[in-house]
Amino acid sequence: MCGIVGYIGDKSAANFLIDGLTKLEYRGYDSAGIAVFDGNEIFIEKSVGRLASLKEKLKGYTPKGSIGIGHTRWATHGRPSDINAHPHTDCHGDFVVVHNGIIENYMALKEDLIERGHKFLSETDTEVVPHLLEEFYKGDFASAVREVLKKIEGSYSLVFMSKNHHDELICAKQDNPLIVGIGEGENFIASDIPAIINKTRSTYILNDGEIAIVKKNSVEITDKNGNKIDKKIFNVSWNAEAAEKGGYEHFMLKEINEQPKAIRDTMRGFIKQIRPSKNNDERIAKDGSSIIFPELKWNPDFLKNIDKVYIVACGTAYHAGLVGKFYIEKLARMLVEVDLASEFRYRDPIIDEKTLTIFISQSGETSDTIAAMKESKRLGAKTLAITNVIGSSLAREADQVLYTIAGPEIAVASTKAYTTQLILMFMLALYMAQLRKTVSEDRTRELISLLKKIPAQISETLSDVDPIKTFARSYGFNEHVFYIGRSLDYDVALEGALKLKEISYIHAEAYAAGELKHGTLALIVEGVPVIALATQKSVYDKTISNIKEVKARDAVVIGIAAAGDTELEKYIDHVIYVPDTDELLIPLLTVVPLQLLAYYSAITRGCDVDKPRNLAKSVTVE
């Protein structure tokens with residue numbers, strides 16, 4: 001994943017490029033660079049390291065020119081270095097390119113170009129693109145770009161600049177996000193909305209295979225053959241402040257605290273109040289509620305024709321899928337499998353037209369998840385996307401889409417995206433249960449009533465973080481931490497361990513508590529912290545037994561329990577309480593202290609919370 005910006009207009013291109021890259025640095029921060037054309041020459045400056053390194057190089061000098069492109073890199077081909085940083089040029093410096101994605105056939109193209117006399121400077125796959133452009137250029141910039149796109153294979157968002165065409169930028173998209181912002185006497189290109197939202201809210205969101213010819217007073221969009229496309233403008237609804245820290249020290253902490261609002265926004269419109277009526281066949285219960293998804297328009301016959309459900313995702317979204325599996329099986333009584341998107345295509349999955357495949361991705365741009373969806377469609381399955389980004393690649397590829405309304409999530413470690421995914425999966429499972437009549441009317445009404453209380457209960461959980469700060473200071477320098485739980489507690493433990501690994505670099509592993517005797521106990525030694533989740537009443541006694549096992553090995557145990565539980569504290573060292581609710585819904589509460597524990601542990605260790613090493617926000621390459 002990398003960040004891309006472009007500008008053409010009458011103002012300073014460099015000022016916008018640096019500002020835009022600052023907004024996009026979360027997309028990649030091992031190197032950065034800009035290219036600005038001053039009317040005679042293309043000025044290029046790039047630097048390994050954070051964007052601050054590039055800014056330092058440019059200190060005291062702003063390259064002149066009102067057309068330019070910029071890039072912040074997350075390395076895939078070639079180590080982080082000045083030479084490997086984008087932008088890249090051809091042999092004579094006539095063409096400049098920035099790229100997000102992977103050119104899969106770059107080595108064969110590079111070998112052919114070298115035989116033709118081209119000289120390469122970097123180790124990147126991207127550098128073949130400007131050399132191809134040099135090879136194909138015969139005076140028509142757009143025509144040469146189309147020829148390049150015919151030769152390259154893989155995923156890309158590309159922006160091209162030419163010294164011979166100082167009045168236009170050309171950009172193209174395939175499997176990686178790219179937008180064009182529309183201004184007055186100026187236009188913008190970016191890989192994500194935060195880069196341009198201070199300049200314009202009017203955008204074109206490019207689809208796969210589309211090419212945009214961007215001039216300061218016009219934007220022309222075509223397909224790969226040059227045929228014009230009449231495209232609708234997408235108006236961004238969220239404001240610039242939503243992408244800023246809002247007074248919090250880090251985006252992650254801000255986003256943890258935004259969860260009550262994000263959950264309310266995601267639930268809004270999907271809970272229908274049912275008034276008593278003699279002729280109302282939909283009535284769940286007197287003055288009750290039901291879950292509705294008008295976008296889906298499913299009916300009982302639709303679900304009768306589904307033999308199996310797959311949930312496919314990566315990382316945090318995969319953990320949300322594990323909870324979603326439990327919800328659908330428990331409530332709707334349908335068989336569900338959860339699979340990692342990176343593995344899904346390669347095991348020849350048994351799916352057909354009677355399979356429902358659900359794909360979860362915060363960004364909607366996760367490469368493996370998009371590829372898994374395409375494979376599912378090829379095999380005839382019905383596809384449903386759950387994503388946070390309207391108009392994302394996953395949303396456009398799916399048969400149907402449900403959106404989480406979490407707002408922009410900037411921190412690399414996902415928090416509010418996860419809880420909104422859980423809320424949506426729970427409502428979807430209950431919706432399916434209503435259609436299949438597998439949950440009683442009273443139980444439906446009870447669950448919806450409890451669901452509505454979740455935002456306030458999360459706010460309550462967030463109101464007292466002092467004990468969590470204390471635990472982080474006490475145990476934040478341990479090199480190993482273990483998480484245990486049963487049933488849904490185990491699924492949440494996986495997410496808690498991932499958060500700790502991501503941002504504090506502590507080796508953290510989650511285990512099904514019942515598996516301790518099958519090897520894991522060998523790792524439990526005196527003083528090692530164990531985070532034990534014990535909120536599932538159906539397996540509570542079993543969990544207590546497992547906690548006793550680690551305590552007998554002198555582990556330090558921090559328990560996560562529901563308010564009112566007076567039993568757990570008898571067997572452990574510390575307890576963090578969350579408000580009590582149904583055991584199906586309590587994962588939405590138990591994950592919050594785990595997010596905070598990871599955050600404050602990272603602070604204790606002096607880690608860069610929002611930009612953990614070696615990671616990027618969205619994985620848009622395989």
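This is a predicted model: local features need pLDDT of at least 70, side-chain atom pairs count only at pLDDT 80 or more; totals for chains, interfaces and linings use all residues.
**Entry 1: the cores**

I began with the nonpolar cores. The largest one has 101 residues. I looked up which residues have the most contacts inside it, and they are Phe293, Trp298, Ile328, Ile358, Leu428 and Tyr483. Helix 13, residues 416–436, gives the most to this core, with 14 residues. I noted a general point here: in soluble globular proteins, nonpolar side chains tend to be buried together.

Next I picked Ile328 and asked what it touches, leaving out residues up to four places away in sequence. I found Ile311, Arg333, Met334, Val336, Ile358, Met425, Ala429 and Met432.

**Entry 2: helix 9**

I then turned to helix 9, which covers residues 315–332. It has 18 residues. From its first C-alpha to its last it reaches 25 Å, close to the 26 Å expected at 1.5 Å a residue. Is this helix mostly covered or mostly open? It is mostly covered, since 13 of its 18 residues are buried. Arg333 follows helix 9, and its phi is positive, near 55°.

I also checked a charged pair in this helix. Lys325 forms a salt bridge with Glu329, and their closest N and O atoms are 3.0 Å apart. The two are four residues apart in helix 9, so about one helical turn separates them. In general, an α-helix has 3.6 residues a turn, so residues three or four places apart point the same way. Lys325 is partly exposed, at 26% relative accessibility. Glu329 is partly exposed too, with a relative accessible area of 24%.

Strand 24 runs over residues 529–533, and five of its five residues are buried. I looked at which way they point. Pro529, Ile531 and Leu533 point one way, and Val530 and Ala532 point the other way. All of them are buried.

Which strands does strand 24 pair with? Strand 22, residues 480–485, pairs with strand 24 in the parallel sense over three bridges. Strand 25, residues 556–562, also runs parallel to strand 24, and five bridges join them. I followed Val530 to each side. Phe482 stands opposite Val530. In strand 25, the bridge partner of Val530 is Val557.

Strand 24, helix 17 (residues 540–551) and strand 25 make a right-handed β-α-β unit.

**Entry 3: salt bridges**

I counted salt bridges last, and there are 38. Side chains of opposite charge can pair when their charged atoms come close. I looked up a few.

Asp580 and Lys537 meet through their side chains, at 3.4 Å from N to O. Why note this pair? Asp580 lies in the loop between strand 26 (574–578) and helix 18 (587–604), and Lys537 lies in the loop between strand 24 and helix 17, so the pair ties together parts that are 43 residues apart in sequence. Asp580 is partly exposed, at 38% relative accessibility. Lys537 is exposed, with a relative accessible area of 53%.

Lys228 forms a salt bridge with Glu220, with the closest N and O atoms 3.7 Å apart. At 65% relative accessibility, Lys228 counts as exposed. Glu220 is partly exposed, at 31%.

Methods
Residues are numbered from 1 along each chain as its sequence is written. Side-chain values use heavy atoms; hydrogens and water are left out. A nonpolar core is a set of buried Ala, Val, Leu, Ile, Met, Phe, Trp, Tyr and Cys residues joined through side-chain atoms within 4.5 Å. Buried means under 20% relative accessible area, exposed over 50%, partly exposed in between (1.4 Å probe, protein chains only). Contact means heavy atoms within 4.5 Å. The expected span of a helix is 1.5 Å times one less than its number of residues. Two strands pair if DSSP finds at least two bridges between them. A crossover is right-handed if, with the strands pointing away from the viewer, the path from the first strand over the helix to the second runs clockwise. A salt bridge is a side-chain nitrogen of Lys or Arg within 4 Å of a carboxyl oxygen of Asp or Glu.
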